[in-house]
Amino acid sequence: MANFDWNNLGFSYRKTNTILSCSYKDGQWGPVESHTDDNIKLSAFAGALHYSIECFEGLKAFRGADGKVRIFRPDENAARLQRSAAFMGIAAPSTELFIEMCVRVVKENIDFLPPYESQASMYLRPTLIGSNPQLGVKSSTECLFLMLCAPVGAYTGGNLQPSCTVISRDYDRAAPNGTGNLKLGSNYAASLYSYNLAHKLGYEAVLYLDPLTHTCIDEFGSSNFFAIRDNSYITPKSDTILPSITNKSLEAVAKELGMTVERRKVPVEELSTFEEVGECGTAVVITPVYRIDDKPALESGEVTTYSFGQKDRCGEKSLKLYKTIRGIQYGEIEDPFGWCMFVE
Ligand SMILES: Cc1ncc(COP(=O)(O)O)c(C=O)c1O
């Protein structure tokens with residue numbers, strides 16, 4: 001077992017034993033290779049470096065209460081990566097290759113898979129880049145698919161620590177009819193200016209609106225939005241948000257728990273009616289949101305504040321949803337959906 005303070009890992013880069021790579025050339029994928037050095041050799045003319053021909057995924061492996069190792073819904077991540085790659089016109093690994101590499105990277109780095117007791121996990125970062133040298137703007141003909149991993153704890157603060165967020169009215173993360181529904185690195189580059197500004201102002205996350213009308217809620221910079229009112233789980237329906245696998249799982253759990261699931265447009269004004277609000281995504285499952293500030297512009301002093309629940313505590317229904325997903329991931333409760341893949 002690697003020697004870490006497993007209870008205080010945070011969410012940052014840590015060198016592990018190996019990374020895996022697989023190259024696509026002449027119309028086919030080559031063998032999977034394992035490297036102890038995580039520096040890669042890449043042409044300075046690679047399309048990834050000039051035209052952001054890059055997409056990635058994020059998923060997790062867990063050491064369960066029963067000692068078994070589980071990966072959560074890797075087939076969903078494979079399918080989303082394939083959609084991202086298809087949009088950029090580049091080759092994507094098959095679901096089989098994707099999953100084979102997920103399993104192998106976990107096995108080769110098993111010493112870095114946090115112990116169950118720590119409630120930490122191993123984050124997998126599949127990354128696909130256009131790798132052939134090129135000058136003109138066109139889809140890459142050669143690709144490099146990397147499977148990276150790192151042990152991680154909470155994304156920010158502690159697990160389930162409520163966050164204070166701000167609506168971005170003067171900066172969008174996605175364009176109407178753009179790429180917001182795909183996991184392209186370029187989307188994140190586009191969100192950094194507003195994120196940095198909001199961060200300097202003391203906010204933990206930025207909430208973006210639908211870029212066409214700026215009247216409805218889209219999502220946070222690195223997570224989806226959900227709200228709870230009465231017995232309903234409400235989450236935005238929008239073409240410009242990333243279809244979150246965690247959100248999809250929470251919807252299924254909410255239904256299972258007898259809640260009504262509403263996936264629909266969510267007007268900003270509706271915020272005043274919600275009992276609980278949260279961010280959801282692989283890194284956190286759920287981060288409760290205790291406050292959302294709405295400003296005409298991030299830089300302006302004028303604020304309309306929406307508050308939800310308590311600053312130091314996760315809402316009751318969000319907590320129930322969180323515990324169910326976490327319980328499934330750590331093998332504490334039965335997985336009725338068949339979401340977990342076992343690493344033997
Ligand atoms: C913009 C954005 N939305 C939503 C999510 C959540 O998606 P998932 O639940 O698949 O991790 C992420 C990433 O985790 C993200 O980067």
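Gln-310 lies in the loop between strand 17 (304-307) and helix 6 (316-329). Helices and strands here are DSSP runs, numbered from the N terminus: a helix is H or I over at least four residues, and a strand is E over at least two. The model is a predicted one, in which local features need pLDDT of at least 70, side-chain atom pairs count only at pLDDT 80 or more, and totals for chains, interfaces and linings use all residues. Residue numbers start from 1 along each chain as its sequence is written.

Is Gln-310 buried or exposed? Gln-310 counts as exposed because it has 11 C-beta neighbours inside 10 Å. The scale calls a residue buried if 20 or more other C-beta atoms lie within 10 Å of its own, exposed if 12 or fewer, and partly exposed in between, with C-beta atoms placed from the backbone. Val-166 is 144 residues away from Gln-310 along the chain, and their C-alpha atoms are separated by 17 Å.

## Two domains

The protein chain is assigned domain 1 (6-152) and domain 2 (163-329). Such bounds come from an automatic or database domain assignment. Taken over C-alpha atoms, the centres of domain 1 and domain 2 are 26 Å apart.

Across the boundary, 19 residues of domain 1 are in contact with 11 residues of domain 2; contact requires the C-beta atoms of two residues, placed from the backbone, to lie within 7 Å. On the side of domain 1 that touches domain 2, at least two residues each come from strand 4 (54-56), strand 5 (59-63), strand 6 (69-72) and helix 2. Helix 2 gives the largest share of that side, 6 residues. By class, the side of domain 1 that touches domain 2 has 7 nonpolar, 4 polar and 8 charged residues. In this count Ala, Val, Leu, Ile, Met, Phe, Trp, Tyr, Cys and Pro are nonpolar, Asp, Glu, Lys and Arg are charged, and the others, Gly among them, are polar.

## Helix 2

Helix 2 covers residues 74-88, and its 15 residues should span 21 Å at 1.5 Å a residue; the end C-alpha atoms are 21 Å apart, which agrees. The expected span is 1.5 Å times one less than the number of residues.

The buried residues of helix 2 are Pro-74, Asn-77, Ala-78, Arg-80, Leu-81, Ser-84, Ala-85 and Met-88. They cover an arc of only 165° around the axis, so they are on the same side of helix 2. The arc is that of the directions from the helix axis to the C-beta atoms. An α-helix has 3.6 residues a turn, so residues three or four places apart point the same way. Just after helix 2, Gly-89 has a positive phi of about 75°.

Which residues are closest to the ligand? Among the 13 residues that surround the ligand, the closest are Ser-244, Ile-245, Thr-246, Gly-281 and Thr-282. A residue belongs to this shell if its C-beta atom, placed from the backbone, lies within 6 Å of the molecule. The shell around the ligand holds 3 nonpolar, 9 polar and 1 charged residues. Its largest share, 3 residues, is supplied by helix 5 (residues 245-256).

The 12 residues of helix 5 should span 16 Å at 1.5 Å a residue, and the end C-alpha atoms are 17 Å apart, which agrees. Buried in helix 5 are Ile-245, Thr-246, Asn-247, Ser-249, Leu-250, Glu-251, Val-253 and Ala-254.

## Two threonines in loops

Thr-240 is in the loop between strand 13 and helix 5. Thr-240 is buried because 23 other C-beta atoms lie within 10 Å. Leaving out residues up to four places away in sequence, Thr-240 touches Ala-174, Pro-176, Gly-178, Gly-180, Asn-181, Asp-210, Pro-211 and Asp-218. Thr-240 and Asn-187 are 53 residues apart in sequence, and 11 Å apart in space from C-alpha to C-alpha.

Thr-36 sits in the loop between strand 3 (33-35) and helix 1 (47-51). Thr-36 counts as exposed because it has 10 C-beta neighbours inside 10 Å. Not counting residues up to four places away in sequence, Thr-36 touches Asn-17 and Thr-18.

Gln-119, a residue other than glycine, has a positive phi near 60°. Gln-119 lies in the loop between helix 3 (95-108) and strand 7 (121-130), and is partly exposed, with 15 other C-beta atoms within 10 Å.

Asp-230 is also a residue other than glycine with a positive phi, here near 50°. Asp-230 is placed in the loop between strand 12 (224-229) and strand 13 (232-236). With 10 C-beta neighbours inside 10 Å, Asp-230 counts as exposed.
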